[in-house]
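Please consult the sequence and the structure shown below while reading.

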Amino acid sequence: MTKPPKPKPLLQDVDKPVRSRPSKPRNPAQPNLLLDPMPDRVDPCLALLKPKPPKGRQWAFEVKWDGYRLSVHVEPTGIRILTRGGHDWTHRFPAIQQAALWLPVGSAILYGEAVVLDEKGRSDFGLLQQSLGGRGGKKMSSDAIFMAFDLLYFDGHDLRKSELDVRRHLLEDLVPAGEQGDIRLSEQIEADGDQLLASACEHGLEGIIAKRRDAPYRSGRLGDWVKVKCIQSDSFVVVGYERSTVARAGIGRLLLAARKGNELVYVGGVGTGFNERSAAALREQMDKLIINKPAVDTGRKRNAVFVRPELVAEIEYRAWTHDGKLRHASYKGLREAADRLAVYELDAIR
């Protein structure tokens, strides 16, 4: 019987390893790895509003955060923090910027929400606005933290075509669950959607988000992400106000509009939710925008003052009337012009 050949030793002498020889010299102009170019900006994936959570194991659930959607770009030249509309707000979130510098990654795009938490750990849009100096303010927020919920680019690789589960796996390595720094993980919660929604509402949260585990990252409102709210809260364009001699800052009721295609449609008004400070700031903003003719048809209004449709207000409401008006609406605050993409679209659910 022929003996098998004696295996070649891994070490030639004592510590000298066997090395293969390159078949030809490497062209120094050719990169070692094929890398994807880093996107300068990514249009947001938007959640589709639904009345109930979806069913099935293909859906992953998270808490819905009430703040400003941001993307944090970790680049070789430094950190950039962009709003959903593409405005550079790096200077307004210095704590988040510093935390991004410490991330153990060479290049990345993290997607998430800048929030300010109240004493019970709930995100509060009003507190976030105050920390930034109100709409049009120039303050830097030292209170805002970044809740990361997606990873779109990672060390030279574009992850947008990868499934959510793959992106989340890499994100959780980068931002481990349970960390309490200025960049935190928005954790996925293993639970039945209906039970999770009930718990979220019981604890005073805004609602929940459901995301398809097998879906790539697609910009737009395509149904891969679904939002279900405890109390409806959306952004509407301010088109005017009704005067009052008894209300704060003389604002009896704000007149609001939503988008429908390329047009604005009147959706009613809101007369609650103001305090002295917010009403005065709002009146100051509106008085700079007064116009003679309304930008949308609001019907006959007594003592109405109309303004250019440039201000966007965040409004809580309970439901819609049969003729398309908001019911039990309450004012929460003004959104930044940089976040104008957030304006409610009637076609989103109708």
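A charge sits over a ring if NZ of Lys or CZ of Arg is within 6 Å of the ring centre and within 35 degrees of the ring normal. The model discussed here is predicted. Its side-chain contacts include 12 aromatic pairs and 1 disulfide.

**Charges over rings**
- Arg92 places its charged end over the ring of Trp89, at 4.8 Å from the ring centre.
- Arg212 is positioned over the face of Trp59, with 5.5 Å to the centre of the ring.

**Aromatic contacts**
- Trp89 also belongs to an aromatic cluster, together with Tyr68, Phe93 and Phe125.
- Among the 12 aromatic pairs is that of Tyr317 and Trp320, which is edge-to-face, with 5.6 Å centre to centre and 75° between the planes.
- Tyr317 has 1% relative accessibility and therefore counts as buried.
- Trp320, at 17% relative accessibility, also counts as buried, because the cut-off for this class is under 20%.

**Cysteines**
- The disulfide joins Cys201 and Cys230, whose sulfur atoms are 2.1 Å apart.
- Cys201 lies in helix H4 (residues 193-202) and Cys230 in the loop between strand E10 (225-229) and strand E11 (232-243), so the bond ties together parts 29 residues apart in sequence.
- The torsion about the S-S bond of Cys201 and Cys230 is about -95°, which means that the disulfide is left-handed.
- Cys201 is partly exposed at 34% relative accessibility, and Cys230 is partly exposed at 25%.
- Cys45 has a relative accessible area of 3% and is buried.

Note on methods:
Residues numbered from 1 in each chain as written. Predicted model: local features only at pLDDT ≥ 70, side-chain atom pairs only at ≥ 80, totals over all residues. Heavy atoms only, no water. Phe/Tyr/Trp six-rings, centres within 6.5 Å; stacked < 30°, edge-to-face > 60°. Buried < 20%, exposed > 50% of the residue type's maximum accessible area, 1.4 Å probe, protein only. Disulfide = S-S within 2.5 Å. Helix = DSSP H or I, 4+ residues; strand = E, 2+ residues; numbered from the N terminus.
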